[in-house]
Amino acid sequence: MTEYGSYAPQQDRELRAAAAHLARRRFLTVTGAAAALAFATNLPFAGAAQAAEVDARKLAEDPFTLGVASGDPLPGSVVLWTRLAPKPYEPGNGMPQARVDVRWEIAYDERFRRLAGRGRAEAHPEFNHTVHIEATGLAPDRVYYYRFRAGKWISPVGRTRTAPARGAHLNDLKLAAVSCQAYHDGYFTAHRHLSEEDVDVVFHLGDYLYEYAVNPAGGARKYTDRVLPSHFNREVATLEDYRLRYALYKSDPDLQAAHAAHPFVVTWDDHEVENNYASDISEDNLPPAEFLVRRAAAYRAYWENQPLRRPQRPNGADLRLYRRLQYGQLAQFDILDTRQYRSDQAYGDGWHAPGPESLDPARTLTGATQERWLIDGWRRSSALWNVVPQQVTFSERRNATGSAYKLSMDAWDGYAASRERVLAGAESAGVENLVVLTGDVHVHYAFDIKRDFADRDSRTAGVEFVTTSIASGKDGADRPANWETYMAANPHLKFYNGRRGYVTVTLDDEKARADYRTVSAVTTPGAPVTTAASFVSEAGNPGLQAA
């Protein structure tokens with residue numbers, strides 16, 4: 001199947017005009033035209049399906065400047081993605097306001113001599129000329145190669161891999177976890193190294209882009225060979241802004257290389273919309289109706305620019321991103337969304353001592369529906385490893401020794417009752433091998449997840465692998481200034497490193513192994529990658545040991 005898009009400034013004005021009709025997290029009835037145009041993203045707005053079609057042979061410049069991607073692999077299917085953008089830094093991508101015919105192929109070999117599937121799709125201006133293909137009829141647990149054609153132009157070749165059959169016995173599974181790629185903080189060198197890793201799937205845990213301004217020199221990249229357009233040098237707020245920002249990020253050759261090499265499973269954190277937002281509550285406490293217009297624009301641009309399936313297509317300011325993937329009998333992945341449904345951060349956000357507000361049992365990070373979905377999925381799981389890719393630090397993280405410590409109100413520490421319900425749910429479901437994958441904090445952590453963090457002798461209920469950022473935070477340091485304090489204050493914290501990089505995790509019948517990969521610099525390109533540390537946790541006996 002296929003979806004497409006483009007955007008005119010008029011739509012921003014109509015999104016704003018419709019804000020008055022927004023209720024808290026839901027939309028009230030508005031005029032048919034405004035509703036269809038602003039919020040009904042399941043189909044192009046009224047009349048757009050009959051928009052003019054332009055002959056792809058008339059495209060004078062290469063439209064595949066933003067590369068290709070694949071994602072959300074199933075045993076017989078994978079999503080293939082591209083976006084037509086001959087002028088990616090211009091509103092509308094340099095594309096006509098018309099449909100364009102795009103052909104796609106998926107093959108068993110890099111030279112496309114043995115095709116596994118092919119088809120045609122329309123890249124539609126209403127969806128910013130993005131294309132989502134749900135390629136089906138594929139064999140499980142197999143590598144494929146894919147590409148797109150528009151007129152005389154052929155896209156770069158992408159490599160992807162389907163998931164194993166649901167009941168398959170696997171010898172092992174290797175994944176990578178990445179997060180937090182602030183373009184203005186440095187080069188995506190870690191993505192280039194990731195593209196050369198032999199992994200089955202990549203989990204992107206959020207902050208795929210940042211809403212902050214990027215100056216003409218690309219911030220810390222300090223370009224001397226190019227000048228970025230001035231419209232990047234402001235915070236994003238409109239649909240056009242978000243679409244252009246995705247174009248900037250996706251034009252990065254290292255990110256393109258990672259997407260072309262591996263299927264991605266994506267989830268968001270906060271910066272895909274705005275820093276530390278919570279449900280319909282913005283960082284600056286805008287009226288919810290006004291903020292939901294921005295959220296609707298951000299969610300739409302997110303879906304357009306990621307290899308996501310039809311069920312993840314947004315409905316206005318709502319997008320169901322949490323979902324479940326099975327990798328044979330070895331692993332079940334429950335991908336969470338800890339932004340869209342959460343209670344507001346306690347005590348106005350930041351770091352605070354735990355108290356009645358943060359400990360309120362009614363508080364939730366996931367929302368009740370997602371929480372039930374997670375625990376019910378565990379009860380039905382027959383996988384050896386139950387893996388939870390999500391956004392913010394799950395384990396307790398004290399910032400001082402003694403009793404005067406504070407906790408992050410944006411992380412699970414600020415939602416203690418929510419964390420307790422999840423851990424109790426895992427316990428009641430008989431989950432023996434819980435692995436949490438986390439991003440957000442721009443450092444590597446390795447945690448033992450204690451059943452009761454107040455009791456140092458409490459049993460270990462699972463392990464948490466926190467990946468550092470790709471670029472956010474600039475170069476970082478092996479031992480940040482608070483390293484000694486954190487290690488002393490948190491005995492369940494087994495590793496802490498502040499460089500940029502990613503984590504690879506290998507699962508087999510006996511153990512989970514995490515390798516913490518780091519690069520020495522991102523403010524200059526081309527730094528080498530090294531393994532800073534490795535840890536294993538035995539199946540049936542959770543707890544981290546140095547490998």
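This is a predicted model: local features need pLDDT of at least 70, side-chain atom pairs count only at pLDDT 80 or more; totals for chains, interfaces and linings use all residues.
**Entry 1**

I began with strand β9, which covers residues 143-150. How many of its eight residues are buried? I found that seven of them are, so the strand is mostly covered (buried here means under 20% relative accessible area).

Next I looked up the strands that pair with β9. Strand β6, residues 99-107, runs antiparallel to β9 and is joined to it by five bridges. One bridge I noted there pairs R103 with R149 of β9.

Strand β11, residues 158-161, also pairs with β9 in the antiparallel sense, this time over four bridges. Here I wrote down Y146, whose bridge partner in β11 is G158.

Then came strand β10, residues 153-154, which is antiparallel to β9 and joined to it by two bridges. R149 turned up again, as its bridge partner in β10 is I154. β9 and β10 form a hairpin with two residues between the strands. In that hairpin I checked G151, which takes a positive phi near 60 degrees.

A reminder to myself for looking at strands on screen: in a regular strand the side chains alternate between the two faces of the sheet.

**Entry 2: aromatic rings**

I searched the whole structure for aromatic pairs and got 25 of them. I picked F203 and F333 to look at: their pair is tilted, with 4.8 Å centre to centre and 35 degrees between the planes. Where in the chain do the two partners sit? F203 is in strand β13 (residues 201-204) and F333 is in strand β16 (residues 331-335), 130 residues apart, so I noted this as a link between distant parts of the chain.

F495 is buried at a relative accessible area of 11%, and F535 is buried at 8%.

I also found a cluster in which ring pairs link Y183, Y187, F188, Y223 and Y249. Elsewhere I saw the charged end of R147 over the ring of F112, at 3.9 Å from its centre.

**Entry 3: the two largest pockets**

Rolling a probe the size of a water molecule over the atoms shows where empty space is left. The largest pocket has a volume of about 330 Å³. Which of its 23 lining residues are closest to its centre? I listed N276, D410, D440, V441 and H442. By class, the lining has nine nonpolar, seven polar and seven charged residues.

The second largest pocket has a volume of about 280 Å³. It is lined by 16 residues, and E396, A416, R419, D452 and F453 lie nearest its centre. Helix α8 (residues 416-428) gives the largest share of this lining, four residues. I counted eight nonpolar, no polar and eight charged residues in this lining.

Conventions
Residues are numbered from 1 along each chain as its sequence is written. Side-chain values use heavy atoms; hydrogens and water are left out. Buried means under 20% relative accessible area, exposed over 50%, partly exposed in between (1.4 Å probe, protein chains only). Two strands pair if DSSP finds at least two bridges between them. Rings of Phe, Tyr and Trp (its six-membered ring) pair if their centres lie within 6.5 Å; planes under 30 degrees apart count as stacked, over 60 as edge-to-face and the rest as tilted. A charge sits over a ring if NZ of Lys or CZ of Arg is within 6 Å of the ring centre and within 35 degrees of the ring normal. On a 1 Å grid over the protein atoms alone, a cavity is a set of points where a 1.4 Å probe fits but cannot get out, and a pocket is an open set with protein on both sides within 12 Å along at least five of seven lines; lining residues have an atom within 4 Å of a point. Grid points are joined across faces, edges and corners, and a volume is the space filled by probe spheres set on the points. Ala, Val, Leu, Ile, Met, Phe, Trp, Tyr, Cys and Pro count as nonpolar, Asp, Glu, Lys and Arg as charged, and the others, Gly among them, as polar.
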